[in-house]
Amino acid sequence: MRRRLAARLGQSIVVTFIVATISFFAIRAAPGDPFSYSAKPLSQSLREQLRRESGYDRPMAEQYLRYLRKIARGDLGYSFNKGEYVTTALAQALPRTLLLAGIALVLSFVIGIALGVTQATRAGWFDRMTSTVILIFYSVPDFWGAMIMLTIFASWWRLFPPGDIVTPVMHDYMPAWKAFADRVWHLILPVASLTLLSLAGIARYQRAAMLDVLPSDFIRTARAKGVSERGLVWRHAFRNALTPMVTILGLTLPAFLGGLVFIERVFTWPGIGSLAAEAIEGRDYDLVTGTVIVGAILVVFGNLLADLLHAAIDPRVRE
Amino acid sequence: MRSSLSFVALAALLTACSGEKPANSSAATGGTVILALFGDAISIYPPSIIDLTGRLVQDQVFDRLAEIGQDLNTVGDKGFAPRLAKSWKWASDSMSIAFSIDPRARWHDGKPVTASDVRFSLNTFKDPKFQSPVASLVTNIDSVHVQDSLTAVLWFKKHTPEQFYDAAYQVIIMPEHVYGAIPPDQMRTSPVARAPIGSGRFKFVRWDPGERLELIADTGNYRGRAKLDRIIITPTPDAAAGATKILTGAADLVDNYLIDRAGELDTSKVARRVDWANFGAILMAMNPNDPKARNAPHPIFGDLRTRRALSMAVDRASMLKNVFGANGKLSHGPFAATVSYADTTLHPAPYDTVAAKALLDSAGWRVGPKGVRMKNGRPLRFSIVVSPSPTRRRYAELMQDQFKKIGAQVDVDQVDNATLTARQNNHDYDALMASYVSDPAASGLRQAWGTEGIGPDGQNFLRYSNKTFDALMDSATASFDPATRQRYTSRALQTVINDAPAIFLYDIFVVLGMNRRIVTAPMRTDEWWVNLADWSIPPDKRIDRDKIGFSPKR
Amino acid sequence: MADTTTASRSFVRRLLRQPGARWSVIAIALLVVVAVFGPSVLRHIQGYGPNDQLQIVQLKNAPPSWAHPFGTDRLGRDLLSRVVTGAQISLAISVVAVALSITVGTAYGLVSGYAGGWVDAVMMRILDGFLAIPRVLLLIALATMADRMPLWKLVLLIGGTGWFGVSRLIRAETIVLRRSTFIESAHALGASMTRTMWRHVLPNVLTPVIVFATLSVGNVILLESGLSYLGAGTKIPTASWGAIFNDGMGSAGDVWWVLLFPGLAILITVLAFNVLGDALRDVLDPRHLHASHTPQIAEAATSATPEKNG
Amino acid sequence: MADPLLSVRDLRTFFYTENGVARSVDGVSFDISAGETVGLVGESGCGKSVTALSLMRLIRPPGRIEPGSQIKFDGLDIAALDEKSMREIRGARLAMVFQEPMTALNPVFTVGDQIAEVVRVHHAGSKKEAWDRAVKMLETVGIPSPAQRANEYPHQLSGGMRQRVVIAMALIMNPALVIADEPTTALDVTIQAQILELLRDLQQKFGTSILLITHDLGVVAETASRVIVMYGGEIVEEAPVSDLFARAHHPYTEGLLNAMPQVGHERERLETIPGSVPPPTKWPQGCRFHDRCPYAWDRCATEHPPLYQIGGGHVSRCHLAVEPERRAQKHEPMVVA
């Protein structure tokens, strides 16, 4: 187990470096460099100076090696548009994204799994109806879904705030419990949108996984032992259907982060997704590679976590 | 680079520790106003400020020597109001002006404002290392002489009508003891540049880029405490989100309300509509040079007949109605109608597709297969570069179809703002939807359209060049008689219109969404925010966030 | 011969018996008809095209009427002809992009799986890298960094970022088959490598690839609309559904038709392809999830299922 | 004779599929006495397993036990029992040993846990007691170092061990009747013998009745006292085991016996019954075996034979019982696959 973990860890680090390489070359495939697109009016001489300082005038191979060395040191560069180190900007945005994404991820898995299991065990109109509703959610563009939520619950029916992480200004002056409530109040719409849009996929998988497990011989064995239906579903079938779900957890992470870009944008949530969109628009090279690398690290280590969970659930992969 | 940055980080830490005096709001003062602005500031260090949000912050945190009057007169010192200079004295030959600093003026860190700060600021603005966009405007100032700690004498190279304007208005006075410590080439990445200390009626508190920028009233300000306690700027690039914020009261002001939805403001109980026209205008620039072979004339726009034909092919009045409804303002030429030297009797060539087609025929563009005109085997095809701004994009799309009707095939090239700026600076475009902010001074016109403005640091990005125009503007700016100035200026403007270097579309017209509880002070044409310190919120209308005063944060 | 026809007939029957499959097949067939003939028929009837601005003042945001059943947009263009043309453009984008993804993914997977050894290891790590980057992020990065974007470039981008999952699947299947005896015997008989691949590997992966492709079409339509929302879509005034939808944003709430019709078009199409994909999967491969013959393929199959935004 | 432990009357279990109604079990009646071992034989598709599942009431939709069927077990009518009472019987009084030890155990729980679960769901002891009983039961079924094995997962055990676990699970509540559905099919020959041996020992030890379902007559010969042969969803022959081997009456039984490898009698090749079992949606008219029968005559195609009494406790569903002379006219069956 320990060896397997070490191997997976090593693999994760390798993948992270590959992602760094991909983003390095992808960005350099585009015409120009950060200084030819800087929003600030820079004179030709200053541009040249900046290029020299940042090493953009060096051969590609040398730039790449320097870049890898920097990354290995944990230095992701400097954002000229934001005027701060990329790591600083990321450190600021990451907790917000993790808060939003973490809650939504847990909720969408819990609700999605519960829904999928219920569907699988209750054939008939309930299954058909929920499947249809779920498929509709699955087929709606993320930003559209989020915009509809925003319009209904923030514009028409002003139950929730139309964006931001906390009430601007007032949050700082609230007593602790109120500040907490304020945070929750701001979280509800983006979390609900993200959850609704991602739980659709999860429920679909869970339903399929349950339908796969339910006809198994060991379920029949359990039934023959006198185990109740609830015990069959939630103890015997569920544990087994969870195994593929853990793999799904790892595999949905990139898609989930992709959806996050839209949700953060619609709800003006200043997390990694907004940062990435902003960085790309501003051609902030170091910030672009930084967000991509952090996104990839989230995915890669999410997969690692999924692997560990897999081992925890399924004794067959434990050795 | 790394070590120097950590040094300035330390400096920032030290400045951040300087205490703020708690004081509570009263009946006369109080209120927190949240501004949901389209973009975050790019820079808030005065010499490198280029965007509106940055200017807004600058105008609250910093002062000039004197402030331009509501009529925006730039000639002489008529209308100018004292700011850091409580008074000024012209030398008899007008080659120098002695400014007396208000002895009550203090920087936000408590140190007094001195004449050497004036000298420092002027030198900073002139220093080419800072790349200040206004560097070329202050070239007429020769030097600053510190006569005593409260008297700065500015010397000019020559006596010009706008020399006072150049000196008193274009230069922002900054504290030498704060900014002087940092070498110019490190200013770019210095935290000091991001935590300004000035003498204005609001002082800077914090800036989380992309999220919020906070200013609070400087309670001991020499010009009086601002009536509001606090200003928060939250960048809101999504216009629909901005609209929702203002209609729900989450924000107090949106600076660019969706023009199609302006009607919502009229019916809202929370917000109201404030129309504001500024010095901006939008035009479609036609590159006089071939973007591929830099010094060759442009294969399409090199010909005056073609440029005029294209100008006449678009129905500017209908497009204005489509985009702005009844509220739009049609451009009269290369200037905004709000500037003092505007001549609204001028008009670009009228909408006339028949004439436009005839002109194209005479220029050799014959209708070819599929309706696209051809000349020497080359189709009449060009692209319009446009930023994501919804109105400009809509104009580009409207023109695209109208050009098609006279046989020109147009591609609309929508790019992000950074790319647009880059391509504008590199002259890498056929046509480009540009915003053009008229300088309130006629001399600015010379910078923007004259031959002298061509070059990497100049403002004539269009590279329009006409000797007649240059001569007329020389005569205009040299004259001290307003009527004569205007006569020459009008003729110069007509010259540009005749040359059709661009299609002059509309004067920028902005709908501000404003919370109803705010009582505004007079808004100036160039900057609606200029009297923000005098905006107020009546005590009976204050909401929670207006009542927090300066009580320290949790 | 007779065998295959009855087999395919029973396949169709089984497919149509899946819940919603009949409905989705009808919807897709209709869409294809509309996409192929709709634009030219409409142009013939109406006398104008999807990009023609009819009356920029009087017909700005005109509500649905007899002359303009879907209403007009803010540039005075007929929304019906735009949505119909959008069917052609959006379907073309997705089909070509998906075809591209599958071609590239198949080639990559075949080479990797067949080569084995360190070549395979390197190719797979690279793939892991691509799979770890959210596709939306990769796409907007590439789309905004590359200046101008004609339609073919958009197709290239979408297709070029959609092959990672499918190549994993192909690789897994290739490895299984390479190890199995009949490939060895085919080799012994002197069959060339390419021939072996064609004859043995491709038929075996056809099923998951078909399912993947069907589900991908809907996914690409969503991606295209998402890119348009972020302002990185096709060139103006191309009437792709994402672009039409994007045009409608920012209009007041009472101009509902500019959002409703393109939105419905996207929703119905994506829904139809998803339902069909599900049905195909259930019919072609009942043990689709984890009960596949090898765990490797099971994992690859799940990863090859196109995730929304994935 | 006392009331039998199990008494099945006219059991009919049909599946309502897209291709029609599958009459998998179609009017089966038999008894099992306490302590008795009965073999139920037939090819796959004859309805043996469905019969077993019907007795356990484990038939899932689209299948159902038809009204009118009667399963009397221990004085209760299982066919009419509510689900809750049925659950109390399952695993406790009536247990089942399944065919595939590989898949019959849940891969994610330890074997001890799975055995103890039976005790727990029947509220027969605390968690600890249940575990202890499970370990003891593992010992009883002959698993070495049971305390350690109880903590292992199914995939860590060999096939034979797993089948012992399944048997332990079935017997832990000391049920009155164990239905063993092909308990040895998936195992290799030496293990098979061990498992059968185990079953016999346990039966003697606990006095359990066993319904042994198998396609292998050899297994029956070693274990059972009475044999029921099923074909086409019906019982075609029933006899004491010695009787059946000595005087098989039904041509189907005859075919099964001929297909059986016999120790000591090296034959060139084993005979097989020509053709295959028809799908349960399309049982043939008349005798359901007639198209594969080497003696079939016209009567067989039209008249469905009843169960003829042929001797003490020996019945056969074949018209040969009334027209024995036909046995001389052996011919090729009508349908040859």
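Just after α12(B), B:Gly407 adopts a positive phi of about 95°. This is a predicted model.

Take the helix itself. Helix α12 of chain B covers residues 390-405, 16 residues in number. At 1.5 Å a residue it should span 22 Å, and its end C-alpha atoms lie 23 Å apart, which agrees. Its buried residues are B:Thr391, B:Arg392, B:Arg394, B:Tyr395, B:Ala396, B:Glu397, B:Leu398, B:Met399, B:Gln400, B:Gln402 and B:Phe403. An α-helix has 3.6 residues a turn, so residues three or four places apart point the same way.

Now step back along the chain. B:Ser387 sits in the loop between β16 (381-386) and α12 of chain B. B:Ser387 counts as buried because it has 22 C-beta neighbours inside 10 Å, and the cut-off is 20 or more. Beyond its neighbours within four places in sequence, B:Ser387 contacts B:Arg392, B:Val415, B:Asn417 and B:Leu420. Of these, B:Arg392 is among the buried residues of α12(B). B:Ser435 is 48 residues from B:Ser387 along the chain, yet their C-alpha atoms are separated by 10 Å.

Turn to chains C and A. Here 43 residues of chain C are in contact with 46 residues of chain A. On the chain C side, the elements giving two or more residues are α4 (117-132), α5 (135-145), α9 (193-229), α11 (257-284) and α12 (295-304) of chain C. α5(C) gives the most, with eight residues. By class, this side of chain C has 24 nonpolar, 12 polar and seven charged residues.

Conventions. Residues numbered from 1 in each chain as written. Chains lettered and ligands numbered in written order. Predicted model: local features only at pLDDT ≥ 70, side-chain atom pairs only at ≥ 80, totals over all residues. Contact = placed C-beta atoms within 7 Å. Helix = DSSP H or I, 4+ residues; strand = E, 2+ residues; numbered from the N terminus. Nonpolar A, V, L, I, M, F, W, Y, C, P; charged D, E, K, R; others polar. Expected span 1.5 Å × (residues − 1). Buried ≥ 20, exposed ≤ 12 C-beta atoms within 10 Å, placed from the backbone.
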